[in-house]
Amino acid sequence: MVLRKMKRRKLSKRSAVIAIIIGVVTLAVVFALVALAVTPVKYEVSEGQAATATITASRDITDTISTQAAILAARDSVSPMFSVDDTVSTRVKGEISAYFDDLAQAAEYIKEKYIDEEVKNNSYYVSRESLEQSYDPSSVDWEAFLDDTQLSEIRDMMGSEDISNEIVYALAALDEAALLIVKEDVKDIVEVSLDNGIQSEHVQTEIDGVRREIEALYVGGYTADLALIPVDKYLDANMMFDEDATEQARLIIEQEVSDVVYKQSQTVVVEGDIVSAAQMKVLQDLGVVGGEDADFKLYVGMLVFVLLL
């Protein structure tokens with residue numbers, strides 16, 4: 001009885017060993033067959049070189065480089081966006097108004113100097129009141145009347161020592177109403193430019209445009225030059241680059257770009273053609289280029305799959 005039991009145990013152990021061996025061999029065979037089925041063929045291909053074979057996509061795959069290039073092209077197609085900075089517009093208008101306020105003070109100073117001199121010379125024949133009522137600055141020879149000291153004082157009131165005598169004489173020849181008209185003309189023309197928006201690279205173009213309009217209104221003499229001083233000095237860009245709005249517009253158009261995709265069996269590269277960087281990346285993602293070394297992750301996945309069978 002004992003011998004029979006021992007023989008049975010030996011047979012059971014032998015059967016188990018044989019079963020294990022058969023299982024291992026079967027697993028190895030199945031693994032090998034699956035590996036052969038799923039492991040892609042490798043090609044000797046290099047970027048910038050002629051393809052050694054025509055290669056097609058084994059599955060649908062995104063061309064990431066071409067997709068990214070399409071996205072960048074779409075973003076670049078969006079023009080920079082600008083918005084009007086009202087604080088700049090308000091500042092420019094205020095500075096121009098202040099300039100003409102200074103001119104009004106300077107004109108009043110000139111008037112007082114003239115009337116003082118007339119009263120001094122004609123006090124027996126005419127009153128100051130009548131001189132003020134009959135004051136006509138356009139009929140005065142200001143070049144003869146204003147001396148260097150007075151010219152210097154007037155320039156100080158006008159805000160610049162570089163103002164020519166001719167421009168001072170042009171101011172002196174304007175009465176209050178005429179000066180107000182010049183002021184309103186300049187403000188109206190400048191306001192149109194500001195409302196339309198001025199980009200930094202177009203400031204000089206806008207100044208030149210305002211100059212042409214003012215010179216067309218005041219032909220001859222130096223009134224136009226007097227009116228243009230604050231334009232040259234204060235007109236500024238009020239149309240500012242809006243980074244947030246531009247980026248938002250670029251994001252919108254970026255989302256409209258479709259991925260560049262090679263469909264399964266679609267040709268990626270033709271034999272003899274020069275392989276581009278984008279094609280090379282697709283081939284790498286497909287796993288069909290490179291050395292013959294096993295893809296560790298691929299084989300681990302296959303092993304797990306086989307074990308689960």
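Predicted model: local features only at pLDDT ≥ 70, side-chain atom pairs only at ≥ 80, totals over all residues.
Student: How many helices and strands does the protein have?

Tutor: Helices (H or I, at least four residues) and strands (E, at least two) are DSSP runs, numbered from the N terminus. Here you will find 13 helices and 6 strands.

Student: What share of the residues is buried?

Tutor: Buried means under 20% relative accessible area, exposed means over 50%, and partly exposed is in between (1.4 Å probe, protein chains only). Of the 309 residues in this protein, 29% are buried.

Student: Which polar partners does the side chain of Asn238 have?

Tutor: A polar contact is a pair of N or O atoms within 3.5 Å; within protein, one must be able to donate a hydrogen and the other to accept it, and residues adjacent in sequence count only if both atoms are side-chain atoms. The side chain of Asn238 makes a polar contact of 2.8 Å with the side chain of Ser89. A polar atom of the Asn238 side chain also lies 2.8 Å from the backbone oxygen of Leu194.

Student: Which other residues does Asn238 touch?

Tutor: Contact means heavy atoms within 4.5 Å. Leaving aside residues up to four places away in sequence, Asn238 touches Ser83, Val84, Asp85, Val88, Ser89, Leu194, Gly197 and Ile198. For the protein as a whole, 82% of the contacts with a separation of 6 or more are between residues 24 or more positions apart.

Student: Why does Asp147 count as partly exposed?

Tutor: Asp147 has 37% relative accessibility, so it counts as partly exposed. You can find Asp147 in the loop between helix 5 (142–145) and helix 6 (148–158). The Asp147 side chain reaches the backbone nitrogen of Gln150 at 2.7 Å.

Student: How do I read a pair of aromatic rings?

Tutor: Such a pair is described by the distance of the centres and the angle of the planes. Rings of Phe, Tyr and Trp (its six-membered ring) pair if their centres lie within 6.5 Å; planes under 30 degrees apart count as stacked, over 60 as edge-to-face and the rest as tilted. A search of the whole structure finds 6 aromatic pairs. One of them is Tyr99 with Phe100, an edge-to-face pair at 5.2 Å centre to centre and 85 degrees between the planes. Tyr99 is buried at 5% relative accessibility, and Phe100 is buried at 2%.

Student: Why is the pair of Tyr114 and Phe145 edge-to-face?

Tutor: Their ring centres are 5.4 Å apart and their planes are at 65 degrees, so the pair is edge-to-face. Tyr114 lies in helix 3 (residues 86–122) and Phe145 in helix 5, so the pair ties together parts that are 31 residues apart in sequence. Tyr114 is buried at 19%, whereas Phe145 is partly exposed at 21%. Together with Tyr135 and Trp142, Tyr114 and Phe145 form one aromatic cluster.

Definitions and conventions
Residues numbered from 1 in each chain as written. Heavy atoms only, no water.
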